[in-house]
Amino acid sequence: MTPTTTPQPSTNKMNLWDLLRNILPYVLPYRWLIVVTLILTLVGSLMAQVNAVVLDRAVDAINALIQQPGGFSWSQATRILTIISIVLLGKEVIGAVVTFFQRYYGERMRILVSRDLSLRIVERILSFRMAFFTSEENETGKLQSRIDRGIMSLSNTVNNFFIEILPLFTSAILALGLMFAANVYVGLVALCIVPVYFYVTYIQAARMKGGRRNIFRGHQAVSQGILNIIESITVIKSFNREHIEADRQAEIQSSMTDLQLDIRKQSYFFNGLKSFLEQIGTVLIIILTAYLVLIDYPGMSIGKIMYHVMLFANVSAPIRQLHRIYDDMNDALIYAEGFFGILHAEEQVEDSGSHRPQQVKGDFDLSHVDFTYSNGTQALFDVSMHIPRGKITALVGLSGAGKSTIVNLLDKFYHPDSGTILLDGTPLSQWDTQWLREHVGLVLQKNHIFDGTIEENIRYGNPAASHDDVVRAAQQAYLLDQVQQLPQGFQTSALQLSGGQQQRVAIARMFLKNPPIIFLDEPTASLDAIATEQIKASIDAIKKDRTVIIISHNIGQIIDADQIYVLQQGRVVQSGTPESVYRQGGVYKEIFDASARSMNADKIADTLDQK
Ligand code: ADP
């Protein structure tokens, strides 16, 4: 009911290259955005160097001015100051325009990539086989968290790349080039510091990666936990077990808190170390340039001290941000693992054959079928049965005997481990899966009613159906009178209907779909007696001339079948017409008699006699 999952380390790791390779197809469609962004980046990076150049020139020019033997004239000084002002203000204006468009286009890219990733993952998930959704690692909350965080983190990475990483690194490379152009030694000192930063950041990232991955898993567990609490709130409250749930959450949260604090601690330590290294770099640059000025090295002037310090600030700017970029990248790597793990789960995609016969008769043959669920539960053992076309076959057995599993196999939701299933003589695996399901109708104990009107819900059976078709289907399912009594008729929200009425909506949907094969899996199990009787009429109507497999605990429905198969712990133990199997004794007789006793059939008969 509630997960006891604490964050677990993952074994499946993705590196930066994998991330780029995976994300590239989502970015490439927006080539023109990339080109514009690259041009803006180049202009922005050039602008970023202007301050250094202006200061260099300004210091030297003002220095030369005040050292003029006869004193300086104010007109000369005003000219210099005017040029400085125009250049710096002009640069700011250009810089602001560039930044605006860079951010705008970066954001545009993020939104577009996020949309494409969402569309792709939905399309992908819809194509997956049932086993994907029933496995523990894909519980709703976990799956949702993996998808949401994956999309958010990946699209942010794209955005960060274009509006932060790329401009910062381009500016750093330009600044480094300018330092080399000014003086090779200064350039070399700046260059030598860079790998040291990288190394420290690398060590930091490597230390923190495991922790971050565990935090990611923790987030999944927290989402799933909250979802489970909401889903089970009635049980939790009725048993007064709020404290147990709260404690369970507290346990997950406390392990998350420890992890988060540990990560922060490491992060602060490394950030301090990197700030210190950066200062060492600045000090070295100042000392070296001052020394070169003092020895009158060619091309060196006092303005170069400012020039080099400012350029070095540009070189180290991305490095100052490197840990953050690294953190974001690491998050992206971890979330990408989860996200692309879903997107690339080829093995989860439903397979399909190409067999699409014009007419589907509905004659099933199972021989020696074994089936095991992905959690290791073997549900079927050596099952052989023949389900003839146009007849009603009931599957009987206690809960957990394997009845629903058979229906799941016949609808190709799962594949047998061994043995064969033929439909009209062709192995089910060779059937086009969508074609097969087009010809199969499934009515479950609780049919999913979508948030929409009654008409929309019935039309789900055949989106091309007209309003008249919908009305006819409702009539066939004995639903029309009730719908007509509602003030809004077919436009009433289907979620407002009672359980019995919703079941009839599902049956009307079947009439509209009009499949030759119908599976009824405990269609009346959650209904009261009156509703059951009414539904029986609609079921009887839909059973006509179709291959029907019915799973029911209701003996009234079982004895209506042409033949029954009795299952016990995944094996077929009896089969034949209901009367002949009853006469054999055994499990069916036990179930039948118990069922009659539980209904108090004798007294019911007496009561009926007294009428
Ligand atoms: P029935 O319909 O007769 O009540 P099922 O076919 O639902 O029985 O179940 C047969 C066995 O398979 C049971 O032991 C059940 O616990 C197991 N089972 C059913 N569905 C799943 C699933 N999605 N994953 C793992 N085991 C399952």
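These legends accompany close-up views of a predicted model.

**Before you look.** The model is predicted, so to speak of local features we ask for pLDDT of at least 70, and side-chain atom pairs count only at pLDDT 80 or more, while totals for chains, interfaces and linings use all residues. Residues are numbered from 1 along each chain as its sequence is written, and side-chain values use heavy atoms, with hydrogens and water left out.

View 1. A pocket is an open set of points on a 1 Å grid over the protein atoms alone, with protein on both sides within 12 Å along at least five of seven lines, and lining residues have an atom within 4 Å of a point. Grid points are joined across faces, edges and corners, and the volume is the space filled by probe spheres set on the points. The lining counts 32 residues, with F413, R437, L442, Y460 and K513 nearest the centre of the pocket. By class, 15 are nonpolar, 9 polar and 8 charged; Ala, Val, Leu, Ile, Met, Phe, Trp, Tyr, Cys and Pro count as nonpolar, Asp, Glu, Lys and Arg as charged, and the others, Gly among them, as polar. At least two lining residues come from each of α3 (74-126), α4 (130-134), α11 (433-438), β6 (440-443) and α15 (499-513). Helices are DSSP runs of H or I with at least four residues, strands are runs of E with at least two, and both are numbered from the N terminus. Domain 1 (16-348) and domain 2 (364-586) each give at least three residues to this lining, with bounds taken from an automatic or database domain assignment.

View 2. Of the 15 residues in α15, 13 are buried, so the helix is largely enclosed by the rest of the structure. Buried means under 20% relative accessible area, exposed over 50%, and partly exposed in between, using a 1.4 Å probe and protein chains only. Next comes N514, with a positive phi near 55 degrees. N514 sits in the loop between α15 and β7 (517-521) and is partly exposed, at 49% relative accessibility.

**View 3. P463 and K513.** The loop between α12 (454-459) and α13 (467-476) holds P463, which is exposed at 68% relative accessibility. From C-alpha to C-alpha, P463 lies 9.2 Å from K513, although 50 residues separate them in sequence.

**View 4. The largest cavity.** A cavity is a set of grid points where a 1.4 Å probe fits but cannot get out. The whole structure has 1 cavity of 30 Å³ or more, and the largest has a volume of about 60 Å³. Its lining is made of T157, N160, F161, E164, I165, R324, I325, D328 and M329. Two or more of these residues come from each of α5 (140-182) and α9 (303-343), and α5 gives the most, with 5.

**View 5. D382 in a strand.** D382 belongs to β2 (residues 378-387). Its phi is positive, about 45 degrees, although D382 is not a glycine. Most residues other than glycine have a negative phi. At 43% relative accessibility, D382 is partly exposed.
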